[in-house]
Amino acid sequence: MDKKAFAICMKQNRVNQTLSLEDLEKLTGISIEKLMEFETGEFERIKASEIEEIGKAINVPVAILMKGGGMMSIRHRNENGESLCEWIEY
């Protein structure tokens, strides 16, 4: 995992969700100090459970967060049953 790309993706999506570090701490149970390390890319290790909690809180799929951002297609059906595909950038 590219730590800098992870850090940029995490911070950008946290800000896009209008969450402060304090908000993220409450949502994830991860200390602000640790969250700041993650957002600067200056961490030694990160647990899978921490990535999952952060992803859930900032609404970013874990695979995208670990990759450092990107596009993802979402397939669903509309109210008429028609198949739709949306691309979302994280």
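A residue is called buried when its relative accessible area is under 20%, exposed when that value is over 50%, and partly exposed in between, with a 1.4 Å probe and protein chains only as the basis. The structure discussed here is a predicted model, in which local features need pLDDT of at least 70 and side-chain atom pairs count only at pLDDT 80 or more, whereas totals for chains, interfaces and linings use all residues. Residues are numbered from 1 along each chain as its sequence is written, and side-chain values use heavy atoms, with hydrogens and water left out.

A search of the whole structure finds three salt bridges, a salt bridge being a side-chain nitrogen of Lys or Arg within 4 Å of a carboxyl oxygen of Asp or Glu. One of them joins the side chains of Glu39 and Arg14, at 2.5 Å from N to O. This pair links distant parts of the chain, since Glu39 belongs to helix 3 and Arg14 to helix 1 (residues 3-16), 25 residues apart; helices here are DSSP runs of H or I with at least four residues, numbered from the N terminus. Arg14 counts as buried because its relative accessibility is 9%, and Glu39 likewise counts as buried, at 11%.

Another salt bridge brings together the side chains of Lys34 and Glu50, at 2.7 Å from N to O. Lys34 lies in helix 3 and Glu50 in helix 4, so this pair ties together parts that are 16 residues apart in sequence. Lys34 is partly exposed, with a relative accessible area of 29%, while Glu50, at 8% relative accessibility, counts as buried.

The salt bridge between the side chains of Lys56 and Glu53, at 3.4 Å from N to O, lies within helix 4, where the two residues are three apart and therefore separated by about one helical turn. Helix 4 spans residues 48-58. Lys56 is exposed, with a relative accessible area of 61%, and Glu53 is partly exposed, at 29%. Lys56 is also 32 residues from Ile88 in sequence, with 16 Å between their C-alpha atoms.

Turning to the surface, Glu33, Glu37, Glu42 and Glu44 gather in a patch of negative charge; such a patch is made of residues with over 30% relative accessible area and no salt bridge, like charges being joined within 9 Å. Of these residues, Glu42 lies in the loop between helix 3 (32-40) and helix 4, and Glu42 counts as exposed because its relative accessibility is 60%.

Notes:
Patch = residues over 30% accessible without salt bridge, like charges linked within 9 Å, V, L, I, M, F, W, Y side chains within 5 Å. Areas by Shrake-Rupley, 256 points an atom, 1.4 Å probe, with all protein chains shown as cover. Lys, Arg positive; Asp, Glu negative; His and termini not counted. Charge placed at Lys NZ, Arg CZ, Asp CG, Glu CD.
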